[in-house]
Amino acid sequence: MHELSIVLSIVEIAEQETLKAGARQVERIELEIGALSGVALDALDFAWDMGVKGSVLEQAERCIHQLPGRARCLECGQEFGINQLYEACPGCGSYLLRVLQGQEMRVRALEVSG
Ligand SMILES: [Zn+2]
């Protein structure tokens, strides 16, 4: 399952950061998940409980920031919101877009304790 491997990589990051800080567990973790990242939130939820078991994240409060998709047209320069990677520019119809936001899947912040 795709989402479980994501959770496990988050656990890995959290364990490194906790170790670096000389702490024992994570109190709170904030994640940024873009609308175009391909991560399904309900599947992530399901995988989370399984993935964090026995790790520094087991007791952590989880906060997810969802980022909407945004792109800029490389033909006419217009910026607009997108819901999927291959959308046409509403201004000129071009598919030559640069995605500005929405592909993120990262840890924004971690609070540790112990
Ligand atoms: Zn355009």
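Biologist: What makes the arrangement of the four donor atoms around the zinc ion tetrahedral?

Modeller: In this predicted model, the four donor atoms subtend angles of 104 to 116° at the zinc ion. Four donors count as tetrahedral if all angles lie between 85 and 135 degrees, and because the angles here run from 104 to 116°, the arrangement is called tetrahedral.

Biologist: Which atoms coordinate the zinc ion, and how do you know that they are donors?

Modeller: The zinc ion is coordinated by the SG atoms of Cys73, Cys76, Cys89 and Cys92, at 2.3 Å. An S atom within 2.8 Å of the metal is taken as a donor, and the value of 2.3 Å meets that limit. Along the sequence these donor residues follow the spacing C-x2-C-x12-C-x2-C.

Biologist: Why is Cys76 called partly exposed, and what is the corresponding value for Cys92?

Modeller: Buried means under 20% relative accessible area and exposed means over 50%. Cys76 has a relative accessibility of 42%, so this residue counts as partly exposed. Cys92 has a relative accessible area of 42% and is likewise partly exposed.

Biologist: Why are β4 and β5 said to stand at the edges of their sheet?

Modeller: Three strands form an open sheet in the order β4-β3-β5, with antiparallel pairing. Strands β4 (79–82) and β5 (97–101) each have a single partner strand, so one side of each is left without a neighbour in the sheet. From one strand to the next, the twist averages 35°.

Biologist: How do you know that β3 and β4 are paired?

Modeller: Two strands pair if at least two bridges are found between them, and β3 (residues 69–73) is joined to β4 by four bridges in the antiparallel sense. Within this pairing, Gly81 of β4 is the bridge partner of Arg70.

Biologist: What makes the contact between Arg70 and Glu79 a salt bridge?

Modeller: The criterion is a side-chain nitrogen of Lys or Arg within 4 Å of a carboxyl oxygen of Asp or Glu. For Arg70 and Glu79 the closest N and O atoms are 3.7 Å apart, and the contact therefore qualifies. Glu79 also meets the side chain of Arg72 in a salt bridge, at 3.1 Å from N to O. As for accessibility, Glu79 is partly exposed at 37%, Arg70 is partly exposed at 32%, and Arg72 is partly exposed at 31%.

Biologist: Why is the salt bridge of Glu61 with Arg28 said to tie together parts that are apart in sequence?

Modeller: The closest N and O atoms of Glu61 and Arg28 are 3.0 Å apart. Glu61 lies in strand β2 and Arg28 in strand β1, so the pair ties together parts that are 33 residues apart in sequence. Both residues belong to a network of salt bridges that links Arg28, Glu30, Glu61 and Glu111.

Biologist: How do you know that β1 is mostly covered, and which strands does it pair with?

Modeller: Seven of the ten residues of β1 (residues 25–34) are buried, a term that requires under 20% relative accessible area. Strand β1 runs antiparallel to β6 (residues 105–113), with eight bridges between them, and parallel to β2 (residues 61–67), with seven bridges. The chain passes from β1 through helix α2 (residues 41–52) to β2 in a right-handed β-α-β crossover.

Technical notes
Residues numbered from 1 in each chain as written. Predicted model: local features only at pLDDT ≥ 70, side-chain atom pairs only at ≥ 80, totals over all residues. Heavy atoms only, no water. Helix = DSSP H or I, 4+ residues; strand = E, 2+ residues; numbered from the N terminus. Axes fitted to C-alpha atoms, helices over the stretch in contact; angles between N-to-C directions. Buried < 20%, exposed > 50% of the residue type's maximum accessible area, 1.4 Å probe, protein only. Right-handed = clockwise from strand over helix to strand, strands pointing away. Donors = N, O, S within 2.8 Å, 3.2 Å for Na, K, Ca; no water. Tetrahedral: all angles 85-135°; square planar, octahedral: opposite > 155°, others 65-115°.
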